[in-house]
Amino acid sequence: MVVLAVIGLILAGAAWYFRAPIAGYTAAGTSYSAHVACSCRYIGGRDLEDCRKDKLAGMELVTLSEDTEAKSVTARFPLLSSDTATYREGYGCVLEPWNG
């Protein structure tokens with residue numbers, strides 16, 4: 001039991017120490033995924049399920065959802081980051097402004 005507590009403290013310490021890079025990578029991953037999936041869906045005309053195949057290796061934890069009425073796709077990394085790209089006529093898929 002003590003060993004598990006020590007391992008948990010080490011993992012928590014590592015996560016805290018590397019929090020800035022982790023936040024950067026998750027933000028980049030969700031914004032990239034939202035933009036690519038939005039382009040695939042609303043410019044390429046493909047189904048969102050088919051667009052999920054276009055995710056890069058290492059992005060398995062990023063989930064995609066769409067709002068067909070708003071013509072937008074949201075990408076989420078659990079508990080850390082979320083970004084939305086919206087299709088706008090004449091501009092293509094545009095990321096929503098960051099609030100970070």
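I started with the sulfurs: Cys38 and Cys93 form a disulfide (a pair of cysteine sulfur atoms within 2.5 Å), their sulfur atoms 2.2 Å apart. The pair links distant parts of the chain, with Cys38 in helix H2 and Cys93 in strand E4, 55 residues apart. Helices here are DSSP runs of H or I with at least four residues and strands are runs of E with at least two, numbered from the N terminus.

A note on the source: this is a predicted model, where local features need pLDDT of at least 70, side-chain atom pairs count only at pLDDT 80 or more, and totals for chains, interfaces and linings use all residues. Residues are numbered from 1 along each chain as its sequence is written, and side-chain values use heavy atoms, leaving out hydrogens and water.

Next I looked up the handedness. The torsion about the S-S bond of Cys38 and Cys93 is about -80 degrees, so this disulfide is left-handed.

Buried or exposed, I asked of Cys38? Cys38 has 0% relative accessibility, so it counts as buried (under 20% relative accessible area; exposed is over 50%, partly exposed in between, with a 1.4 Å probe and protein chains only). Cys93 is buried too, at 7%.

I then searched the whole structure and found two disulfides. The other one I noted joins Cys40 to Cys51, S to S 2.0 Å. Cys40 lies in helix H2 and Cys51 in helix H3, so the pair ties together parts 11 residues apart in sequence. In sequence order of the bonded cysteines, the pairing reads 1-4, 2-3.

Last, I checked Leu79: it lies in the loop between E2 and E3, and at 90% relative accessibility Leu79 counts as exposed.
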